[in-house]
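Q: Could we go through the charged side-chain pairs in this model?

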Amino acid sequence: MADQPADKKFFENLSGAGKAIGVLTSGGDAQGMNAAVRAVVRMGIYVEAKVYFIYEGYQGMVDGGDNIVEVSWESVSSILQVGGTVIGSARCKEFRTREGRLKAAFNLIQRGITNLCVIGGDGSLTGANLFREEWSGLLEELAQSGKIEEEAVKKYVYLNIVGMVGSIDNDFCGTDMTIGTDSALHRIIEVVDAIMTTAQSHQRTFVLEVMGRHCGYLALVSALACGADWVFIPEYPPEEGWEDQMCVKLSENRARKKRLNIIIVAEGAIDSHNKSITSEKVKDLVVQQLGFDTRVTILGHVQRGGTPSAFDRILASRMGVEAVLALLEATADTPACVVSLSGNQAVRLPLMECVQMTQEVQKAMDERKFCEAVRLRGRSFENNLNTYKLLSHRKPDTELPKDHLSCSTNFNVAVLNVGAPAAGMNAAVRSAVRVGITEGHTMFAVIDGFEGFANGQIKEISWGDVGGWTGQGGSLLGTKRTLPAKYLEKIADQMRTNNINALMVIGGFEAYESCLQLAEARARFEEFCIPICMLPATISNNVPGTDLSIGADTALNAIVETCDRIKQSASGTKRRVFIIETMGGYCGYLANMGGLAAGADAAYIFEEKFDIRELQANVEHLTEKMKTSIQRGLVLRNENSNENYTTDFIYQLYSEEGKGVFDCRKNVLGHMQQGGAPSPFDRNFGTKISAKAIQWISKKLRETYRRGKVFANTEDSVCLLGMRRRNLLFQPVVELKDQADFVHRIPKEQWWLKLRPLMKILAKYKTSYDVSDSGQLEHVARHSPKEAETGAI
């Protein structure tokens, strides 16, 4: 294409013509595997390669016959929202023998398959790598026994392997998240939320056993997401005497009128002597020592079931497309690689480096080197553990410095929410309050944003006041869109009256503008010369300086869930196209990512201009689609994507042009996207970035405390904490001004626009896709303990 920039790399130059790709799922199933299969099939067909399903994992590869089938575009229709794996998965002893691998190689050669995409755990991927290493020897053997021609040995000289990790345990080193983990957390949190309501009626203690034979990720993250009293994981056994410590903590919590205790146990939990800690053992201990009414709930395979979350669908779709690109670019010298997620970026890593590191974790645990095991798990795991430790151990007053009332550890820190409510705000407030108290500060809550601030609606908030907040949607502190500019004098008065030394602002674009206004007002009001930190929290995900905002994941799940239901409503009826309007202001994040996760045919957004010709082309595309076996369509439209081409207009246009071919229905999702309990991702994201922000505030307070008062007036003392690609970064709000479009309240550059072509490719549109970011094989990063502080979420 003539208009493509020279420094960018576009995948149109990569052709799959003449290549055959086999896709299989192996090991335990995980939600999102189908989304990965769908992406591999459609991307493979898109680049003109032949794509084959290999049913029943390696067993199907060994058995051959009808287990290896060429597939079409329609073969993967309607599987995006299905849990498990539609192509089946099986453990295969025969593939572990050379004889079995010989049969598998013969079956692949018969169909010309020399590219394999394996979706499974570390065992499945290790098996694939061995198969690749033996490939040429297997072919020689087949030729010698006369099963294949010598020509075939030369033609199919090497086998390419690309892996994607499908595992609900998140037990594979080298990736922050594996396919299925987020969905498993959804199942766990749904159960915890349900248990909380019954348990609080009876003053009960619940012991929950979650999956994770060798990895405590699910237990740890669900403990963070629900504010559990205690968690047991294999990588971090409790100290000697934990039995008494746990019982003291439970009875203290009960004495503080907490009606519910939750203890989470990973199925592989151990003590420091490598002895198993079971849920029954924990229950018996609580009953014997405290006499509390205690129940055990073992979640089991519920965690593997259900529909995949929006996060897993997007992750799997991105990884599937990246896997096909990796196969197209592979040469005889390319090592088997695995597509991973680092922060918010898809990366390729050498498969065996990841497997080796995963095995090192187990070795460290066997040798009781638990700190080493946690470090090897990676930055994300270590951050989770550190945040949990911060939040779960309330420091008694005796542990604070003796002179803490007069020394510089005791400051007054205020927290407030600004803008529209977003799920996860309460988790962030809870985290701020508890970490602040642990750091020795007095925490204040501001009711109803800056309007409440001006009216003096400020009160001290204690450790117990925020109990049970993580799972609450909306904003318990109250929130208003009002900016501080017209109340500056009153707010300054209140700050002086309450001696506020630092401020945490949680909210969306209004919160960003508010922090800018406070920074600019410092010349007039010395009261604003204090550390100020903003956390992005908005369903629209439209804040400059961050790839993700608290609340956007919950909204995305609400959209995807509704789209699933709407699509299903047409099941068995005549041909139908649904037009759905999403929120987001001028930001198309929800429409675009919702479209990718729900398998939409088109998504109209403000950031990408469209005209009547494009609308017409979309109608024609859907008309063609209706001639196939797929007889329904889904179109998303961001509420402010175009002032003239409204949802009504598009609905009427589609209805008119589709007459006789399909009929239309429209749906405006409205505030449903803003409500509901926060998703596990939003609970944890809010909890972790809030804890990090309070630690930054503490550091700034110590740095700026001079002669009995805090004075901070540098640009870097008013920051936004955002996630940029792979890291969490504190960025001065003033420096982000150039990156913001204040008229439309969106960032000028949005990372997710790069994913826009994926939705189009998976909906069968020809498009251009910039792959400059991908293609480089990296090495597994072994970080030092310090690195975890800056690390991924």
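A: A note on the basis comes first. This is a predicted model, in which local features need pLDDT of at least 70 and side-chain atom pairs count only at pLDDT 80 or more, while totals for chains, interfaces and linings use all residues. Residues are numbered from 1 along each chain as its sequence is written, and side-chain values use heavy atoms, with hydrogens and water left out.

Q: How many salt bridges does the structure hold?
A: There are 37 salt bridges, each being a side-chain nitrogen of Lys or Arg within 4 Å of a carboxyl oxygen of Asp or Glu.

Q: Which residue forms a salt bridge with Arg98?
A: Glu134 does, with the closest N and O atoms 3.9 Å apart. Glu134 lies in helix H4 (residues 122–144) and Arg98 in helix H3 (residues 98–110), so the pair ties together parts 36 residues apart in sequence. Helices here are DSSP runs of H or I with at least four residues, numbered from the N terminus.

Q: Is Glu134 buried or exposed?
A: Glu134 counts as buried, at 17% relative accessibility, whereas Arg98 is partly exposed at 35%. Buried means under 20% relative accessible area, exposed over 50%, and partly exposed in between (1.4 Å probe, protein chains only).

Q: Which residues are linked with Arg98 and Glu134 in a network?
A: Arg101 and Glu141 are linked with them in a network of salt bridges.

Q: Changing topic, what about Lys103 and Glu94?
A: Their side chains meet in a salt bridge at 2.6 Å, N to O. Lys103 is partly exposed, with a relative accessible area of 38%, and Glu94 is partly exposed at 27%.

Note on methods: Helices (H or I, at least four residues) and strands (E, at least two) are DSSP runs, numbered from the N terminus.
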